[in-house]
Amino acid sequence: MADTSWKEAIPQVYAGVIVDADAPGLSQPFTYSVPPELASSVCLGACVAVPFSGRELVGYIVDLSEDAPDLDSIKPISAVVSEACALAPPLIGLAKWMSDYYLAPLAHSTRAIVPEVMSATVSTLVRLVDPALVSPNSPNQRKIVEMLASLGGEADSDSLKVRLRVDGFAAALRQLRNRGAVEIARTLELPKARSLTVRALEMTDLEGMPEPDDLAVRAPKQGAILQELSDSGDAIRQSELLRKVGSSSSPAKALVDKGMARKVNIKVRRRAYKLPDTMDTSVLDPTPGQAEALRIIREGEGPHTTLIYGVTSSGKTEVYLRAIQDVLENGGTCISLVPEISLTTHLMDAYIRRFGDQIAILHSRLSSGERHDEWRRIESGEAKVVLGPRSAVFAPVRNLGLVVVDEEHEPSYKQEHSPRYNARQAAEERARAEGASVILGSATPSVETYHRALSGEIRLVNMDTRVDDRPMPTVRVVDQRVEFEQGRMSIFSQPLHESIADRLSRKEQVILFVNRRGFASFILCRSCGYTAQCPNCAVSLTLHAGTRTLQCHHCDETMPAPDVCPTCGGVHIKQFGIGTERVEGEVYKEFPDARVIRMDSDTMGRKGAHEKCLSAFRDGRADILVGTQMVAKGLDFPNVTLVGVISADTSLHLPDFRAAERTFQLLTQVSGRAGRGAAPGEVVVQTFSPEHYAIEAAAKQDYRLFYDQEIAFREELQYPPFSRFINVLSSDPMADYAESRLKEFADKLRFRVSDDVTILGPAAAPLSRLKGLYRYHLLVKSPLGSAEELRSAVHQLYMEIPPAVRNGMILDVDPQSML
């Protein structure tokens with residue numbers, strides 16, 4: 001049963017409700033009256049069903065008041081959906097902050113916080129009544145009726161819309177209802193995930209009954225069951241009990257018939273993880289670097305934010321664990337964020353061994369039931385430490401004492417759909433509101449965060465040596481231009497090939513990093529120059545050799561790979577570029593005895609795939625791990641002594657001012673996977689740009705060298721951290737409209753902002769077409785002191801645009817990608 005002790009007594013009669021609906025032009029929350037019969041069950045954060053624009057929708061109460069609003073008519077709340085999860089008051093505040101800062105609808109912020117599997121929905125069922133009443137002049141009405149007939153006469157409105165894909169669907173459906181051709185019914189759908197209840201047995205009062213030992217003589221299985229129940233003292237799931245004693249259900253039934261046991265229903269937890277056989281109770285002395293980090297984190301009164309800049313394998317995770325333990329001992333709770341699910345898997349073992357069942361795991365690869373049960377454990381206070389990626393920042397913990405943001409520089413902390421929040425920033429805001437501290441950790445901090453630390457805005461901890469004074473790996477930069485001049489066209493340069501062979505002979509492990517999945521980046525006809533392009537996006541299709549298909553990694557368009565050129569009929573089609581699939585194939589070709597694991601989004605789609613692959617590699621059941629960014633950070637394999645970077649140039653020349661920073665971070669992070677055990681590590685970096693400052697600094701593993709050059713570049717151009725950006729994106733099937741709409745927006749905005757605001761564009765976005773839509777963007781740059789004023793001006797102008805025109809426009813505050 002969830003702990004609802006934070007719920008308030010409700011004398012109020014009016015509720016402000018955030019309705020889960022996209023309502024362009026309308027300002028949420030909406031006001032509803034609280035009927036007397038619901039007064040005792042209504043509270044801040046409660047999920048409710050409300051009438052909205054002629055239909056029933058779900059919403060969340062964010063305000064309660066006895067003051068009657070100045071409105072002509074106020075509709076009452078229809079019902080309280082007690083089965084759905086409620087929003088704790090701190091999360092209501094966070095939703096409002098996200099909506100305000102990131103210029104997103106309040107409904108979107110609420111939607112981001114509440115897990116989909118635990119939110120109620122309203123479904124609309126369309127039922128065919130009389131096909132003869134269709135208007136003869138409406139093709140759309142005819143299509144709807146024909147589709148309904150083919151589906152047995154009824155269908156959910158949303159699925160019907162997706163199947164038909166016709167413009168004016170809503171209008172046609174409304175006309176059909178008015179003509180009596182169809183009827184529409186709306187029903188409240190309760191959350192998809194519920195508590196799991198199972199049949200169990202418990203022992204009754206045995207006064208006057210035989211003892212289990214005596215019973216075991218006459219009926220061994222009955223005696224064994226009774227003994228287990230006696231030892232437990234609690235009800236035991238029947239299937240588990242029978243399996244444990246090796247019995248059928250007949251002895252259990254006999255015990256129930258005799259009145260010695262009774263059947264009961266109990267709730268069973270669906271475990272998101274297994275507890276280890278032994279817990280990590282040993283406490284080693286911290287290294288000098290760890291001790292100093294903990295001293296800085298612990299000193300002073302009140303909450304604060306600390307950046308731990310620690311080289312790879314310097315022991316940052318142990319600092320996190322000890323800081324979390326401090327908070328737990330003082331009665332607080334903690335949230336620990338990681339940028340990707342794969343890192344959740346990696347850190348989970350360390351956290352569980354330290355904190356056991358106090359840990360809750362939250363991520364999208366959990367089953368609906370597992371996610372439900374973990375959320376309820378957090379809500380009730382049973383779980384006190386939450387580990388997970390971006391969305392775990394919304395975990396319903398109470399008495400929050402600490403938020404840890406590991407790999408704080410990672411762009412995956414930024415959500416790419418509304419609300420476009422950065423979890424790192426949301427974590428700091430939540431901590432500020434709840435009086436908690438924040439630890440940001442990275443071997444390659446973002447330029448903005450490190451600048452904050454140097455300026456004294458946040459604390460700075462330097463951990464510049466590895467645990468046990470292990471040496472940093474040596475880095476060799478291979479100039480691929482020289483390799484090509486000398487006639488070596490292999491994926492593996494001579495130095496990398498020799499190093500792989502050497503490690504395999506010594507029974508050590510190798511990681512090969514490729515920043516692209518698939519077999520080849522594109523195919524090219526050498527006779528006429530044809531390349532296979534995605535029909536929906538302005539990108540080449542990627543070849544996947546295993547399935548002989550071409551695939552777009554943006555919209556998932558897939559087609560068979562041609563054997564002859566579809567334009568000229570030529571047979572001289574060649575693959576260009578390098579992907580994980582091709583590297584895997586080359587490894588098998590060059591090192592046929594090597595055992596290889598490939599990790600990319602193509603191979604890691606199934607639940608548990610990350611854990612299975614990482615466990616196999618950790619246990620030495622593979623020699624070489626080929627992977628994309630998911631192998632570049634956070635992983636700790638002591639037997640890995642070589643990391644090969646197949647091409648360091650993939651991200652270096654992207655049209656994004658953060659391209660150099662991303663490249664430096666990626667190379668430094670993946671280099672840190674080598675030499676984490678007793679044997680020293682080596683990194684071989686293959687590149688066509690060895691003189692670039694990001695690659696030179698990564699080769700020297702010198703963050704400050706990179707930072708000093710990058711911050712000078714940022715200051716000269718007044719890029720973040722010396723300014724704030726808002727990227728306004730316009731997408732439309734018509735390129736001219738996408739551009740002209742944005743040009744009009746820019747012209748009006750120039751009259752509303754001060755002279756120190758710079759407006760660049762509109763211009764075609766680097767990825768100029770995506771999923772069939774042409775894309776133009778407008779970059780608005782303001783000094784730090786004008787950032788709030790700029791957000792207000794941009795949002796006000798945006799809201800003045802008619803909703804039909806506004807559809808297809810995106811406001812991205814503090815964008816992490818300019819593509």
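User: Is phenylalanine 688 buried, exposed or partly exposed, and what is the relative accessible area?
Analyst: Keep in mind that this is a predicted model. Buried would need under 20% relative accessible area and exposed over 50%. Phenylalanine 688 falls between those cut-offs, so it counts as partly exposed, with a relative accessible area of 36%.

User: Which residues make the nonpolar surface patch of about 300 Å²?
Analyst: Let's stay with phenylalanine 688, which sits in the loop between strand 29 (682–687) and helix 21 (693–700). This residue belongs to a nonpolar surface patch of about 300 Å², made by Phe484, Met489 and Phe688.

User: Which residues form the positive surface patch?
Analyst: One of them is arginine 55, found in strand 4 (residues 55–65). Arginine 55 is partly exposed, with a relative accessible area of 34%. The whole positive patch is formed by Arg55, Arg174, Arg177 and Arg186.

User: How many residues apart in sequence are the parts tied together by lysine 414 and aspartate 812?
Analyst: The side chains of these two meet in a salt bridge, 2.7 Å from N to O, and both lysine 414 and aspartate 812 are buried. Lysine 414 lies in the loop between strand 16 (400–406) and helix 14 (423–434), while aspartate 812 is in strand 33 (residues 809–813). So the pair ties together parts whose separation in sequence is 398 residues.

User: Why are glutamate 744 and lysine 748 separated by about one helical turn?
Analyst: Their side chains meet in a salt bridge, at 3.3 Å from N to O. Glutamate 744 is partly exposed at 45% relative accessibility, and lysine 748 is partly exposed at 44%. The separation is about one helical turn because, within helix 23 (residues 735–750), they are apart by four residues.

User: Which residues are linked in a network of salt bridges?
Analyst: The structure holds 45 salt bridges. Some of them join up into a network, and its members are Arg269, Arg271, Asp357, Glu374, Arg377 and Glu382.

User: How many bridges join strand 31 to strand 32?
Analyst: Strands of a sheet pair through backbone hydrogen bonds, either parallel or antiparallel. Here strand 31 (residues 758–770) and strand 32 (residues 773–783) run antiparallel, and they form a hairpin with two residues between them. Alanine 764, for example, has tyrosine 776 in strand 32 as its bridge partner. The number of bridges joining the two strands is seven.

User: In which sense do strand 26 and strand 27 pair, parallel or antiparallel?
Analyst: Strand 26 (residues 596–599) is covered on both faces, with Val596 and Arg598 buried on one side and Ile597 and Met599 buried on the other. Its valine 596 has isoleucine 624 in strand 27 as bridge partner. Over four bridges, strand 26 and strand 27 (residues 624–627) pair in a sense that is parallel.

User: What is the order of the open sheet of three strands?
Analyst: The pairing in this sheet is antiparallel. Strand 9 (residues 196–203) is joined to strand 10 by two bridges, with leucine 201 standing opposite isoleucine 236. Reading across the open sheet, the order is 10-9-11.

User: The peptide bond from glycine 761 to proline 762: is it cis or trans?
Analyst: Most residues other than glycine have a negative phi, and most peptide bonds are trans. Proline 762 lies in strand 31. The bond from glycine 761 to proline 762 has omega near 10°, and it is cis.

User: What is the phi of leucine 103?
Analyst: Leucine 103 is in the loop between helix 1 (89–101) and helix 2, and it is buried at 10% relative accessible area. Although leucine 103 is not a glycine, its phi is positive, at about 55°.

Terms used. Residues numbered from 1 in each chain as written. Predicted model: local features only at pLDDT ≥ 70, side-chain atom pairs only at ≥ 80, totals over all residues. Heavy atoms only, no water. Patch = residues over 30% accessible without salt bridge, like charges linked within 9 Å, V, L, I, M, F, W, Y side chains within 5 Å. Areas by Shrake-Rupley, 256 points an atom, 1.4 Å probe, with all protein chains shown as cover. Salt bridge = Lys/Arg side-chain N within 4 Å of Asp/Glu carboxyl O. Lys, Arg positive; Asp, Glu negative; His and termini not counted. Charge placed at Lys NZ, Arg CZ, Asp CG, Glu CD. Buried < 20%, exposed > 50% of the residue type's maximum accessible area, 1.4 Å probe, protein only. Pairing = 2+ DSSP bridges.
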